[in-house]
Amino acid sequence: MAHSLQAKKRAKQNIKNRTINRARKSQVKTQIKHFEETLDSGNVEAATKQLRLVTKKLDKTASTSTIHKKTAARKKSRLARRLNALKAKKS
């Protein structure tokens with residue numbers, strides 16, 4: 001257990017930041033899940049909208065340093081590649 005005031009405050013901040021970061025990561029995962037569901041349904045227009053929402057959420061999460069910027073870029077790239085594969089398959 002922390003003894004100094006500074007260590008006690010830091011412990012409280014760590015708990016608060018951990019809950020915020022976990023919530024943000026959970027929102028990203030949920031958004032990705034929705035995107036994958038629309039991909040499976042085969043609807044290109046809805047999947048494009050979902051990709052835009054996922055990209056926005058990933059960028060916001062990366063801007064707060066909850067996830068690394070390159071991790072967000074990698075996830076966006078992989079999801080876009082899956083959408084492009086669906087578009088190529090449809091046409």
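The legends below describe close-up views of a predicted model.

Local features are reported where pLDDT is at least 70 and side-chain atom pairs at pLDDT 80 or more, whereas totals for chains, interfaces and linings use all residues. Residues are numbered from 1 along each chain as its sequence is written, and side-chain values use heavy atoms, with hydrogens and water left out.

**View 1**
Helices are DSSP runs of H or I with at least four residues, strands are runs of E with at least two, and both are numbered from the N terminus. Buried means under 20% relative accessible area, exposed means over 50%, and partly exposed lies in between, with a 1.4 Å probe and protein chains only. In soluble globular proteins, nonpolar side chains tend to be buried together.

**View 2. A salt bridge joins E36 and R82.**
The structure holds two salt bridges, each defined as a side-chain nitrogen of Lys or Arg within 4 Å of a carboxyl oxygen of Asp or Glu. In the one shown here, the side chains of E36 and R82 meet with an N to O distance of 3.2 Å. The pair links distant parts of the chain, since E36 belongs to helix α1 and R82 to helix α3, 46 residues apart. E36 counts as partly exposed because its relative accessibility is 28%, and R82, with a relative accessible area of 37%, is also partly exposed.

**View 3. A salt bridge joins K76 and D59.**
The closest N and O atoms of K76 and D59 are 2.7 Å apart. K76 lies in helix α3 and D59 in helix α2, so this pair ties together parts that are 17 residues apart in sequence. Side chains of opposite charge can pair when their charged atoms come close.

**View 4. A positive surface patch includes residues of helices α1 and α3.**
The patch is formed by R18, R22, K25, K29, K33, R74, K75, R78 and R81. Patches are made of residues with over 30% relative accessible area and no salt bridge, like charges being joined within 9 Å and nonpolar side chains (Val, Leu, Ile, Met, Phe, Trp, Tyr) within 5 Å. The elements that give two or more residues to the positive patch are α1 (5–41) and α3 (69–90), and α1 gives the most, with five residues. R22 is placed in helix α1 and counts as exposed because its relative accessibility is 52%. Lys and Arg count as positive and Asp and Glu as negative, while His and the chain ends are not counted.

**View 5. S65 occupies the loop between α2 and α3.**
S65 lies in the loop between α2 (44–63) and α3, and its phi is near 65 degrees, a positive value in a residue other than glycine. S65 is exposed because its relative accessible area is 61%. From S65 to K12, which are 53 residues apart in sequence, the C-alpha to C-alpha separation is 19 Å.

**View 6. K60, K69 and Q13 are shown with their C-alpha separations.**
K60, in helix α2, is exposed at 54% relative accessibility; K60 and N14 are 46 residues apart in sequence and 20 Å apart in space, C-alpha to C-alpha. K69, in helix α3, is exposed with a relative accessible area of 53%, and the C-alpha atoms of K69 and A46, 23 residues apart along the chain, are separated by 26 Å. Q13, in helix α1, is partly exposed at 27% relative accessibility, and Q13 and K70 are 57 residues apart in sequence and 26 Å apart in space, C-alpha to C-alpha.

Terms used. Accessible areas come from the Shrake-Rupley method with a 1.4 Å probe; for residues, only the protein chains shown count as cover. The place of a charge is taken as NZ of Lys, CZ of Arg, CG of Asp or CD of Glu.
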